[in-house]
Amino acid sequence: MTQILFKNINKPNLHTLEGYEQEGGYKGLEKAFAMKPEEIVEMVKASGLRGRGGAGFPTGLKWSFLAKDVFPRYLCCNADESEPGTCKDRELLQKNPHLLIEGMILCSYACQIEIGYIYFRGEFYDLAEIMDKAIEEAHQKGYLGQNILGSGFNLDIHTHLGAGAYICGEESALLNSLEGGRGEPRMKPPFPAVQGLYEKPTVINNVETLCVVPYIMNNGAEKYSALGTEKSKGTKLVSVSGHVKKPGNYEIVMGTTVREIIYDLAGGIRDDNELKAFIPGGSSVPMLPADLVDTPYDYESLQAVGSMLGSGALIVLDHTVNAVETTLRLASFYMHESCGKCTPCREGTRWMWQLLSQIQTGKGEAAHVEKLVDICDNMSFKCFCPLGDAAVGPVASSIKHFRADYEELIEKLTAGTAV
């Protein structure tokens, strides 16, 4: 299977500058510095690379949106990775930190940026230490700082630890936190490309997205775009968790089926149980029933069946699970992580949790299911930021595909037979 980001990922010294250079690390810089910045932007556009943080927006197009002739500009690498089920960026940061640094250098040169930040979730303090050491190594070797490799280009990268708030994975909330403010989303427009960090043009990309850029620089846009599907190019890191025999991070070519990921890479369902459902892109995307397991794992195919690729976290559920319990756990998370800025999310997440709790603990009624549907409808696309829609995803989809689980649980609990 084609490996781009995970090629030699378990090499013992890959996290060091020496180990990274042995694998061809930083070779792309000389090639890049011989090009005009706008040529690199066009190369990334031609590659078809889309953001790997969840939204899937074309990366090169995002870079091209920066306000013209406004300086300074900033690059923010989103290493918050707070989506339940997602742990791919953590492995890249831990085992190959220089790959991210090289990707940030290439992005910064292409976008004429001289200051970059890596925003870590608060729990990633160990990874921040690893990255600080890698940044120091890169400075000493002349890959960062003033006049990098005699190119006349300057770049400094700094790390920043958040306080562990899920909302700071949203790009404008990340910027507020980075500036020392409350982690909550901003009104858009203006978008970060026009008025972002310190009210200056800002590029915000996910760890995985930036780590792909060196491959494109070294191998060309055509080689990258030859992988995957027509609209979902390249490879994707997938964090597989839940009821599988071999949970972990896997790199797949876009378009690989969900069945191949679960049964070939992750070893199949635990105890050889039956597959009941899967959540293809992290806790914020709608869950899908087992009969859709042959869906190709790419942006368009998952959207066509009513879900999303999201952050690339594939959560697998076997037939022993009741969908209500799973949904309750997810609803509890979103209730806790809502920043409270807008009424539909602040009130809706708590209301959904309360109703789900009543159903799970024997106080539910059939009317509660309809009320949940109504709440989902009143939250969808009516919240200040996507967290509200994310909270709706598991609830609405579990009712759509597994309403029988709700009805069965209500009947059993009403009869006093549930445990």
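Predicted model: local features only at pLDDT ≥ 70, side-chain atom pairs only at ≥ 80, totals over all residues.

1. A definition is needed at the outset: two strands are taken to pair if DSSP finds at least two bridges between them. Cys 76 has Ile 204 of strand 4 as its bridge partner. The two strands concerned, strand 1 and strand 4, run parallel and are joined by 5 bridges.

2. That pairing belongs to an open sheet of 4 strands, with parallel pairing and the order 3-2-1-4. Strand 3 and strand 4 each have a single partner strand, so one side of each is left without a neighbour in the sheet. From one strand to the next, the twist averages 20°. Helix 9 lies across strand 1 and strand 4 and runs at about 95° to strand 4.

3. There is also an open sheet of 5 strands, in the order 6-5-9-7-8, and here the pairing is mixed. Its edges are formed by strand 6 (248-253) and strand 8 (288-289), each of which pairs on one side only. Within this sheet, strand 5 (residues 235-242) and strand 9 (residues 313-318) pair in the parallel sense over 4 bridges. Among the residues involved is Ser 239, whose bridge partner in strand 9 is Ala 313.

4. Which strands does helix 11 lie across? Helix 11 (residues 258-265) lies across strand 5, strand 6, strand 7 (275-279) and strand 9. The angle between helix 11 and strand 9 is about 70°.

5. Two cis peptide bonds deserve attention in the backbone. The bond from Phe 71 to Pro 72 is cis, with omega near 0°, and Pro 72 is located in the loop between helix 4 (59-64) and strand 1 (74-79). The bond from Lys 188 to Pro 189 is likewise cis, with omega near -5°. Pro 189 is placed in the loop between helix 8 (171-178) and strand 4 (202-206).

6. Leu 149 is situated in the loop between helix 7 and strand 3.

7. The aromatic pairs come to 12. One of them is formed by Phe 33 and Phe 153, with 6.1 Å from centre to centre and 50° between the planes, and is classed as tilted. This pair links distant parts of the chain, the two residues being 120 residues apart. Phe 33 belongs to helix 2 (residues 27-33), whereas Phe 153 is in the loop between helix 7 (125-141) and strand 3 (156-161).

8. How many cavities of 30 Å³ or more does the structure hold? The count is 1. The largest cavity has a volume of about 80 Å³. It is lined by 13 residues, of which Cys 339, Cys 342, Cys 345, Cys 385 and Leu 387 are the closest to its centre.

9. Two or more lining residues come from each of helix 6 (97-111) and helix 9 (207-219). Helix 9 gives the most, with 5 residues. The lining of the second largest pocket is made up of 8 nonpolar, 7 polar and 3 charged residues.

Notes: Residues numbered from 1 in each chain as written. Heavy atoms only, no water. 1 Å grid on protein atoms, 1.4 Å probe; cavity = no way out; pocket = protein on both sides within 12 Å on 5 of 7 lines; lining within 4 Å. Points joined across faces, edges and corners; volume = space filled by probe spheres on them. Nonpolar A, V, L, I, M, F, W, Y, C, P; charged D, E, K, R; others polar. Contact = heavy atoms within 4.5 Å. Axes fitted to C-alpha atoms, helices over the stretch in contact; angles between N-to-C directions. Phe/Tyr/Trp six-rings, centres within 6.5 Å; stacked < 30°, edge-to-face > 60°.
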